[in-house]
Amino acid sequence: MTVVNRTPRIGGWTRVVTARPRLSLLLALLVTALAVVAGSGVADRLGSGGWEDPDAQSTYATEALEHRFPASQPNLLLLVDAGRASVDDPAVAAEAKRLAARLASERGVTGVGSYWQSGSPALKAEDGHEALVAARITGDEKTAGETLDRLAPAFRGTHGPVEVRVGGPVAVRHEMQTTIREDLTRAELIALPVTLVLLVMVFGSAVAALLPLGVGIIAILGTNAVLRGLTELTDVSVFAMNLTTALGLGLAVDYALFIVRRFREELSAGAEPRAAVATTLRTAGRTVLFSALTVAVSLAAMLLFPQYFLRSFAYAGIAVVLLAAGAALVLLPAALVLLGHRVNALDLRRLPRRGRPRRTAEGAAWGRTADLVMRRAPVFALATTVALVVLGLPFLGVRFGTADDRQLPSTAESHTVQQHIRDGFPGSPGGGLEVLAEGRATRAEYAAYKDRIAALPGVLRVDGPLVEGDSAYFTVLPKGEAVDDAAQRLVGDLRAADAPFGTAVTGTAAVLVDSKHAIADRLPWAVAFIALVTLLLVFLLTGSVLVPLQAVLLNALSLTAMFGAVVWVFQDGHLSGLLGFTDTGSIETTLPVLMFCVAFGLSMDYGVFLLSRIKEEYDATGDHRESVRFGLQRTGGLITAAAVILAVVMVAIGTSRVTNTKMLGLGIALAVLMDAMIVRSLLVPAVMRLTGRATWWAPGPLRRFHERFGVAEGDTRPPASEVQEPDLDRDRIEVRG
């Protein structure tokens with residue numbers, strides 16, 4: 001056979017991005033430099049909260065109490081340890097009172113109270129050796145953090161007969177921000193060199209390996225600039241920076257792998273660099289565009305939730321996806337035109353490969369895998385489905401909770417303080433419920449209401465009321481844990497209790513109840529949004545009715561192992577010693593939503609890569625079975641390599657000392673590996689073999705709709721029978737089946 005001479009049309013977009021490649025790259029360098037400047041200091045402007053619903057009753061009550069009764073909402077705690085002495089010892093009491101008076105005189109501090117001032121048993125440890133000084137640092141998170149930085153060194157440590165540790169919510173938030181920044185730097189130092197090594201193993205060429213890293217760095221720096229701008233308009237969570245790094249590197253590698261890989265195929269087939277770029281953009285480029293849109297849609301669903309923790313991930317995720325795709329579709333083609341055949345330069349595998357026999361045709365192992373799976377399609381489809389369902393069963397026992405100090409490592413000072421309070425103080429300090437009463441009332445009415453709520457099931461003690469004008473508040477201590485089922489039922493009972501005035505309930509359990517309600521209310525809309533838009537995008541790509549349904553259902557199935565592992569490991573505490581975290585017996589309410597949106601988008605990313613290549617071959621040959629085999633043969637190694645690299649990045653994120661970040665990183669790493677190695681390699685070809693040619697069916701009206709509005713790959717590649725198979729040994733993906 002002879003190689004068919006292909007001279008693909010140079011499209012308008014190709015001319016735009018390759019007309020002045022040097023100018024394009026120079027402008028990219030300039031924009032990146034501006035992004036570095038614009039995004040500098042972004043971490044200092046990000047918050048560490050955002051789990052609560054801003055429109056919930058608990059949020060309203062908390063803000064009202066902070067304004068009217070600052071002492072009711074302390075966010076700074078000084079744990080005063082008297083050693084072997086009693087906290088009632090005169091010398092200890094005198095020093096503690098001096099510390100409290102000094103704290104009250106500090107700028108930015110209000111509502112100072114202590115055991116030695118009030119005599120409250122809730123502020124004294126049961127063994128009598130520790131007690132608390134409580135206060136409120138005013139201002140937003142940034143201002144409160146700056147105040148804490150100023151105060152903590154002066155109060156922490158030994159003061160006469162006592163030892164003081166600094167804790168409380170403001171200390172937890174501040175320490176969490178600091179820890180996340182440090183962990184993110186370490187994760188980047190781990191991920192970047194490991195990713196480069198893996199890319200060299202995949203491409204062989206050091207030049208080709210550097211291209212995805214360049215795309216990723218541009219996406220990350222650009223997203224930091226976007227987040228910095230958003231902090232001027234709204235609250236943004238510091239946790240979003242982890243997603244920026246993970247998706248910036250991961251998607252840049254995915255998109256650049258796909259584009260560079262296709263470009264090298266075209267060069268090997270004899271195309272000139274500009275013509276190779278044209279074919280690459282019409283095929284792999286369109287796939288990248290659709291992939292980016294599906295990932296962005298999954299992340300955009302988090303904008304439907306009111307918690308700024310989730311919305312922050314949508315901001316960061318959408319920005320980094322679009323920037324990664326933009327760099328891959330604009331800057332990468334310009335670089336490929338300039339490099340031409342030099343994209344294969346510096347083949348670092350030549351020396352290890354010398355003296356070894358040449359390997360068989362590219363992707364042969366993946367082709368054999370596809371043949372095996374399709375010969376036993378019912379067995380593979382049933383076995384993989386059952387296995388994935390079984391792995392997801394632990395999620396049926398999920399219990400939702402709130403993020404607290406136990407997110408931090410056990411050695412963190414604020415965690416130590418809160419643990420001492422949990423273990424050694426009566427009741428549930430810091431876990432009480434506050435009831436805000438609004439409206440004029442008599443002492444008798446307040447007393448009657450107090451007796452009424454004190455008689456509710458699960459109430460240990462009711463303190464108050466503290467009255468200020470037409471407002472008052474009561475503190476209700478539950479008998480059990482701060483956020484257990486009984487405490488959550490108590491929230492409902494308090495809100496339903498009759499009162500001659502308006503009431504609003506807040507506290508840790510109330511925030512959890514409201515957060516769960518907000519998520520349950522919006523979750524069906526978010527799932528429907530993701531499913532419908534994904535169905536539409538995949539239909540526009542394939543023109544099939546069945547393929548989009550398969551894609552959505554198999555994607556969802558691929559996430560079961562992640563959710564099961566999250567509950568088994570992080571809720572139930574298995575491997576807590578090995579992974580270095582404190583299990584709380586629950587999962588933070590917003591985490592499953594976040595992980596679903598991210599993992600579903602990444603799974604669709606790989607799904608689009610595989611389906612687009614299968615569809616391209618089916619359009620050229622009309623042979624369904626061979627198209628499935630060809631698609632897996634050509635993309636199996638590519639998808640697996642991309643998944644391994646993304647998993648490395650996510651595992652680097654998962655080395656964080658903050659539990660939620662660890663859960664996110666390790667959970668997503670597991671999800672992408674299961675998707676690439678099980679779902680795309682085994683389940684998808686098995687299901688497509690079972691559905692046969694009906695896979696590509698669409699009713700007449702939808703078929704005509706696709707012909708008018710859909711997107712075809714547009715490749716001018718002739719049928720495989722007319723083309724001599726080029727030697728792609730140097731292009732080969734190293735990851736094997």
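What follows α7, and is its phi positive or negative? Read on for that, plus a few other spots to look at.

1. First, some ground rules: this is a predicted model, where local features need pLDDT of at least 70, side-chain atom pairs count only at pLDDT 80 or more, and totals for chains, interfaces and linings use all residues. Residues are numbered from 1 along each chain as its sequence is written, and side-chain values use heavy atoms, leaving out hydrogens and water.

2. Helix α7 covers residues 169-203 (helices are DSSP runs of H or I, at least four residues, and strands are runs of E, at least two, numbered from the N terminus). α7 reaches 49 Å from first C-alpha to last, close to the 51 Å expected for its 35 residues (1.5 Å times one less than the number of residues). After α7 comes G204, with a positive phi near 80 degrees.

3. Next, T589, in the loop between β11 (587-588) and α22 (591-621). T589 counts as buried because its relative accessibility is 5% (buried is under 20%, exposed over 50%, partly exposed in between, with a 1.4 Å probe and protein chains only). Beyond neighbours within four places in sequence, T589 is in contact with F400, G401, L512, S515, K516 and I519 (heavy atoms within 4.5 Å). Its side chain reaches the backbone oxygen of G401 at 3.0 Å.

4. Finally, α22 meets helix α24 (residues 659-691), their axes 9 Å apart and at about 35 degrees (axes are lines fitted to C-alpha atoms over the stretch in contact, with angles from 0 to 180 degrees between N-to-C directions). Among the residues meeting there are L591 and Y606 in α22, and N660 and R680 in α24.

Definitions and conventions. Polar contact = N/O pair within 3.5 Å; in protein donor to acceptor, adjacent residues only side chain to side chain.
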